[in-house]
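Please keep the coordinates open while going through the numbered points.

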Amino acid sequence: ALERAGGKHGNKGFEAVEKRFQDDADRFEEVFPKDQLVPELRFKRARLAAAHSGPEGLSKTARNAMNEFIDKFPERPEAAEAARDLVADQLKRKQGDDAVELAGDFLKNQKLLAADRRGELKRYLNAVVSRQSFEDVKSIEKGEDYLKAAEEYLQKQKYEKALEELKRVY
């Protein structure tokens, strides 16, 4: 349907089909709020919003839709994909501190981490947090305070190990 709409009417055909999909998905969710298709429709709507984002990163609409999806359906595999996209978007926008904070929040969400059966999301989020720790240490080293840099690095490593141990126990 999208090819026919786009081919015959150009972008306006795509826009009309997308608008109709959005409206139909909204109505479906209103009528059948507990149906198993609702999460899929929500994710498709978030992906459509992401597709309309520019080269600078995800649009506010896309970010909001993905965050809402993660909040409402953290146990879905699509939520893990959305979480990764949101953190990657923060990094793309050069908002490293925000990306680290978001990654940390996602690491605390056990349902979200369980949704990613392969564990790729957890590895990615840990890499983002660790990379920031490394960058912090590098910035201290630039000031040639090597002792402080080493202490800072060890402190962060102890914290991360302690956090992992708590997660294993609880």
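1. Is arginine 20 buried or exposed? Arginine 20 is exposed, since its relative accessible area is 60%; here buried means under 20% relative accessible area, exposed over 50%, and partly exposed in between, with a 1.4 Å probe and protein chains only. This is a predicted model, in which local features need pLDDT of at least 70 and side-chain atom pairs count only at pLDDT 80 or more, while totals for chains, interfaces and linings use all residues. Residues are numbered from 1 along each chain as its sequence is written, and side-chain values use heavy atoms, with hydrogens and water left out.

2. Helices are DSSP runs of H or I with at least four residues, numbered from the N terminus. In one of these salt bridges, arginine 20 pairs with aspartate 24, with 3.7 Å between the closest N and O atoms. Because the two residues are 4 apart in helix α2 (residues 11-31), about one helical turn separates arginine 20 from aspartate 24. Aspartate 24 also meets the side chain of arginine 27 in a salt bridge, at 2.4 Å from N to O; this pair is 3 residues apart in α2, again about one turn of the helix. Aspartate 24 is partly exposed at 33% relative accessible area, and arginine 27 is likewise partly exposed at 48%.

3. A salt bridge between helices. Glutamate 68 and arginine 42 form a salt bridge whose closest N and O atoms are 2.8 Å apart. This pair links distant parts of the chain, 26 residues apart, with glutamate 68 in helix α4 and arginine 42 in helix α3. Arginine 42 counts as buried because its relative accessible area is 15%, whereas glutamate 68 is partly exposed at 42%. Through shared partners, salt bridges join Asp26, Glu29, Arg42, Arg45 and Glu68 into one network.

4. The loop residue serine 53. Serine 53 sits in the loop between α3 (37-51) and α4 (60-72). With 17% relative accessibility, serine 53 is classed as buried. Its side chain comes to 2.7 Å from the backbone nitrogen of serine 59. Contacts of serine 53 (heavy atoms within 4.5 Å) include Leu58, Ser59 and Ala62, setting aside residues up to four places away in sequence.

5. The nonpolar core. A nonpolar core is a set of buried Ala, Val, Leu, Ile, Met, Phe, Trp, Tyr and Cys residues joined through side-chain atoms within 4.5 Å. The largest such core has 29 residues, of which Ile70, Val87, Phe106 and Leu125 touch the most other members. At least two residues of this core come from each of α3, α4, α5 (77-92), α6 (96-108), α7 (110-115) and α8 (120-142). The largest share, 6 residues, is supplied by α5. In soluble globular proteins, nonpolar side chains tend to be buried together.

6. Isoleucine 70 belongs to helix α4 and is buried, given its 2% relative accessibility. Beyond its neighbours up to four places away in sequence, isoleucine 70 touches residues including Ala79, Ala82, Ala83 and Leu86. Isoleucine 70 and leucine 112 lie 42 residues apart in sequence, with a C-alpha to C-alpha distance of 7.6 Å. Phenylalanine 106, leaving aside neighbours within four places in sequence, contacts several residues, among them Asn67, Ile70, Val87, Leu112 and Leu125.

Terms used
A polar contact is a pair of N or O atoms within 3.5 Å; within protein, one must be able to donate a hydrogen and the other to accept it, and residues adjacent in sequence count only if both atoms are side-chain atoms. A salt bridge is a side-chain nitrogen of Lys or Arg within 4 Å of a carboxyl oxygen of Asp or Glu.
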